Amino acid sequence: MLEKISQLRKEIEALTASDAARVEELRIKYLSKKGEVTALMNDFRSVPADQKRVVGQAINELKTFATDKINALRDGLESAGNQDDSLDLTRTASPLRLGSRHPLSLVREEIIDIFRRLGFSIAEGPEVEDDWHVFSSLNFADDHPARDMQDTFFINSRPDVLLRTHTSSVQSRVMENSQPPIRIICPGRVYRNEAISARAHCFFHQVEALYVDRNVTFADLRQTLLYFAQEMFGPQTKIRLRPSYFPFTEPSAEMDISCNLCGGEGCSFCKHTGWVEILGCGMVDPNVLEACGIDSKQYSGFALGMGIERITNLKYQVKDLRMFSENDVRFLHQFTSAR
């Protein structure tokens, strides 16, 4: 009897099943009322009295083992079935193309990453702004051309509510509510009432930076600009600063970089000058500091701003600004990111 139980255990241990019907077939064969394990219980009556204890224990252990084995086979098939259910058999056999990030997003994140390494944090503000934060706090005169309807989108013809024309309004808000040291970068979308063409659009994207602290100098600004240019366009990149004018900085400058296509030797892209203009910058005007509640005798600072589309044009040689907003997948699929 014990030998028969041992042989049956080995037989059950070797069982396999490829589908649920086979599992049920095995359950009936071994565990049903007429199954082989149940038949052992019927034969138990003929076992001598002195062996009943040992044989009975062996039969109970065999029944438990058989039950566990059948359940394990059933669970294995259910797990495999769940995996098969995850397959969408209605999908096309053609491979699905993965999406890619927008080129403006790629360049925006790269610019932010460079300035983060310099200790700048991100600041954001509303796109619908008031006159104070967009113009007055930034030293714009009442008759400045930027206030004219030809350049600015006003809301419901109200002269004090408008779509921001630059992200400098974020700098004003931060200076109003914080005391130096201030070191921020302000990315965002801005709006200007311009005719849409390959070189201009009624909305575009900017990144502006502001650093205010004690003893901030123009030399600090220049080193920051050089670091940014070489991180963005390569270590061989050179910069030059040309005097310019902005209402909110004094002195002000525009920054050029050596053309990354011809290496500064001159080509059609840089109009054979070897230089390409990419941003404006300068030392924060004391009037701006005072308007925002910062003592200009104790603190100084620099600001800079650039168009993300401009940097993207230089990096990827995209010559038509309209392509950035037309959502043509043929254009967008050209750009990939490891982020």
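Select β6 (203–213), β7, β8, β9, β10 and α10: each supplies at least two residues of the lining of the largest pocket. Helices (H or I, at least four residues) and strands (E, at least two) are DSSP runs, numbered from the N terminus. The model is predicted, with pLDDT of at least 70 needed for local features and 80 or more for side-chain atom pairs, while totals for chains, interfaces and linings use all residues. Residues are numbered from 1 along each chain as its sequence is written, and side-chain values use heavy atoms, without hydrogens and water.

**The largest pocket**

Which strand gives the most to the lining of the largest pocket? Colour β9, which contributes seven residues. A pocket here is an open set of points on a 1 Å grid over the protein atoms alone, where a 1.4 Å probe fits, with protein on both sides within 12 Å along at least five of seven lines; lining residues have an atom within 4 Å of a point. The space in the largest pocket is about 1500 Å³, a volume being the space filled by probe spheres set on grid points that are joined across faces, edges and corners. To find the centre, select Arg192, Glu277, Ile278, Gly307 and Arg310, which lie nearest to it among the 50 lining residues. By class, the lining holds 23 nonpolar, 15 polar and twelve charged residues. Ala, Val, Leu, Ile, Met, Phe, Trp, Tyr, Cys and Pro count as nonpolar, Asp, Glu, Lys and Arg as charged, and the others, Gly among them, as polar.

**Asp256**

Next, select Asp256 in strand β8. Asp256 counts as buried because its relative accessibility is 2%, where buried means under 20% relative accessible area (1.4 Å probe, protein chains only). Show the side chains of Arg240 and Arg242 as well. The side chain of Asp256 makes a polar contact of 2.8 Å with that of Arg240, and another of 2.6 Å with that of Arg242. A polar contact is a pair of N or O atoms within 3.5 Å; within protein, one must be able to donate a hydrogen and the other to accept it, and residues adjacent in sequence count only if both atoms are side-chain atoms. Beyond four places in sequence, the residues in contact with Asp256 (heavy atoms within 4.5 Å) include Lys238, Trp275 and Glu277.

**Helix α8**

Move to helix α8, residues 218–233. Its 16 residues reach 22 Å from the first C-alpha to the last, close to the 22 Å expected at 1.5 Å a residue, that span being 1.5 Å times one less than the number of residues. Among its buried residues are Leu221, Leu225, Phe228 and Met232. The buried residues of α8 pack against α5 (103–116), β7 (239–246), β8 (249–258), β9 (275–284), β10 (300–307) and α10 (308–316). Just after the helix, Gly234 takes a positive phi of about 115°.

**The second largest pocket**

Return to α5, which gives the most to the lining of the second largest pocket, with three residues. About 190 Å³ of space lies there, and His102, Arg108, Glu127 and Ile308 are among the lining residues. The lining has two nonpolar, five polar and four charged residues.

**Thr167**

Finally, select Thr167 in the loop between β4 (158–163) and α7 (168–177). Is Thr167 buried or exposed? Thr167 counts as buried, because its relative accessibility is 0%. A polar atom of its side chain lies 3.2 Å from the backbone oxygen of Cys186.

Technical notes
Buried < 20%, exposed > 50% of the residue type's maximum accessible area, 1.4 Å probe, protein only.
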